[in-house]
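Visitor: Hi, could you walk me through this one?
Guide: Happy to, let's bring it up.

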Amino acid sequence: METGNAKGKENDDVIVVRDLVNGFGEQLVHDGVNLSVRRGEIIGVVGGSGTGKSVLMRSIIGLQTPKSGSIEVFGESTLNRETTELADLTKRWGVLFQGGALFSTLTVAENVQVPLREFYPGLDPALLDEIAAYKVVMTGLPADAGPKYPSELSGGMRKRAGLARALAMDPELLFLDEPTAGLDPIGAAAFDELTRSLQKTLGLTVFLITHDLDTLYAICDRIAVLADKKVIAVGTIDELLALDHPWIQEYFKGPRGRAAVATLERNEHADAAAEGQ
Amino acid sequence: MTDTAAFSQDSDTVRFTGSLVLARIGDLPERLRDSTEKVAHVDLSGVDRIDTVGAWVVHRFAAQHQADIIGLDADGEHLLEQVAKADQPVAMRPAPVGSFQRVVGELGDAVVQSGQTLYGLLGFFGATLIAFWNVATHPQRFRFNAIVQRFEVVGVTALGIIGLMSFLIGIVIAQQGSVQLQQFGFEVFTINLVGRLTLRELGVLMTAIMVAGRSGSAFAAQLGTMKLTEEIDAMRTIGVSPMEALVLPRVIASVVMMPLLGMYASIIAIVGGGLLCWISLDIPPVTFVQRIREVVPVTDLYVGLIKAPFFGLIIAMAGCFQGMLVEGDAEQVGTRTTAAVVQAIFLVIVLDAFFAVFFTSIGWV
């Protein structure tokens, strides 16, 4: 028995980006980006501000038309496709935008139900409510959040509600755009935990854009570094640290990078101590 | 294997088969709900795939019958555990309210809201006056550039559309008037109609409606967006008063521009009316202008010019007031902008009615 919607075998690539070129007017954001995302991994995408992390995500999910290059998700191209043509693919992925992007005229519960109603209009209304209810709890929202409107929620709760909506269809692939930005450290750690646990439970593949070094250390299997309009390296943190690219060195070995490592080591010690008892 | 989810009962064991996933679940939840037989075990060993929806349905079924779940692998156990953990009472929609109570409640809310709007508008008017006084006593705080820029946006760029509108209105008044007056052989009075109506009423009124739609809405949307992006808060923390920096230039621009635009609109409307008189009534322009000077008293011009600044004040106040009320989400910008235009036009027409009575009673007829 398989859990989640994951189909197919291990180690095949869910997202394949080849020679992607993106730009606005004369200015190029990407110039030959190559990236493969394997099934079941959490891939972190990092890069300085303005290196086109969000543009890359928008290209992959078909919101941004690149100048050239190819993008395949689940073996199908997402380029130059109408929204309706992409429906079969959008069913299989969930997207969490930076600000949550909740529909402001709908309550949290209704927001979560939107994709379900759209794709399965015949679904039993009682089941629909129950699905929304357990998704709300799963993403760590308080029990009274269901009838609230997005404007009544805090930034962190909006992100959780956005995640609940992204997970509504039990997707195989989850795109998270800076999920922990603007959250307090406790909330951010809880969000990391949540992402990890959902990924394990549902066998998700997660495409995670982040600036948060703690998130990278805590949950990412591999990290892709965007710089100089390209993906300059993909690998585990240890592999990246072995490279001598100045930006990577600066990023991971700067004061914040060292702090994140220290936190991780402390946590591992604590875990080891807890297990030893 | 992607079979539709199904179940079968064998004494006290329910066996699920197929794919227990959202896409394949079909009417399984309803059929499960209808089954009333006693169940002690739920066997999932025949299930190919399961997602959170399937796990939820199984969990709820098992919980309902207090049955135990068997035949799961480690991943499945973990999934079911997670779903079971999420089984908590959650409010889904606001508590229902009786229809009578709702109607009364909405009526009360509307009354309270109207009262608050009026009160708020009055307060806002006061705040604008205070800002004006502050600037008047500290002339170095007078934002000359901002005001001139507003002059351009409110006044100069509106010349084209207001001119075209007034020209057409002049033609329509003359055309409709001449058709009616011809029946009595008094078509020469069309000139009185065009001259007096445009200078006294329509020139300024139509301009006010156009300015409310063009500039009043823009004021509300601009200030509303600035409120949402916290620009106005940022301004306050720097020590700049938004009333002085944002509201006052807009109010002054509207107050100054409205008489100019109103005058301009009246003249263009008279030109339009004159053109129609020339074409369809064979009244030459020279005669038309001469008649206008004879039949239109100068008080008509005063009536129009006195009303205009008040209309400008109302439009700018309504726009800025509604803009400053925006809070929360982007949708509010839209509703507040609409409210600004509706309020401005409504108040302008109400005030116009009062002015009509007033000017008649002082003998300017």
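Visitor: Is the crossing of α7(B) and α10(B) left-handed or right-handed?
Guide: The crossing of α7(B) and α10(B) is right-handed, meaning that the near helix is turned clockwise from the far one by less than a right angle. This is a predicted model, where local features need pLDDT of at least 70, side-chain atom pairs count only at pLDDT 80 or more, and totals for chains, interfaces and linings use all residues. Residues are numbered from 1 along each chain as its sequence is written, and chains are lettered from A and ligands numbered from 1 in the order in which they are written.

Visitor: At what angle do the axes of those two helices cross?
Guide: At roughly 65°, with the axes of α7(B) (residues 190-228) and α10(B) (residues 285-295) coming within 9 Å. Axes are lines fitted to C-alpha atoms, for helices over the stretch in contact, and angles run from 0 to 180 degrees between N-to-C directions. Helices (H or I, at least four residues) and strands (E, at least two) are DSSP runs, numbered from the N terminus.

Visitor: Which residues meet there?
Guide: From α7(B), Ile191(B), Asn192(B) and Gly195(B) meet Phe288(B), Arg291(B), Ile292(B) and Val295(B) of α10(B); contact here is C-beta atoms, placed from the backbone, within 7 Å.

Visitor: Where is the kink in α7(B) centred?
Guide: On Thr198(B), with a kink of about 65°. The bend is the angle between axes fitted to the seven residues ending at a residue and the seven starting there. Just after α7(B), Glu230(B) has a positive phi of about 65°.

Visitor: Switching topic, how many residues does each chain put into the contact?
Guide: Chain B gives 32 residues and chain A gives 31. On the chain B side, α3(B) has the largest share, six residues. Elements supplying at least two residues each include α1 (28-34), β3 (41-50) and α12 (330-361) of chain B.

Visitor: What about overall dimensions of chain B?
Guide: Its C-alpha atoms fill a box of roughly 105 × 60 × 40 Å along the principal axes. Chain B has a radius of gyration of 35 Å, whereas a compact globule of 365 residues would have one near 21 Å. That radius is taken over C-alpha atoms, and the globule rule is 2.2 Å times the number of residues to the power 0.38. Chain B has 12 helices and four strands.

Visitor: And chain A, what is its radius of gyration?
Guide: Chain A has 19 Å, which agrees with the value near 19 Å for a compact globule of 277 residues. Chain A has 10 helices and 11 strands.

Visitor: Where in chain A does pLDDT stay under 50?
Guide: Over residues 6-10; pLDDT is the predictor's confidence in each residue, from 0 to 100. Where pLDDT is low, the predicted coordinates should not be read in detail. Chain A averages 83, and chain B averages 90.

Notes: Contact = placed C-beta atoms within 7 Å.
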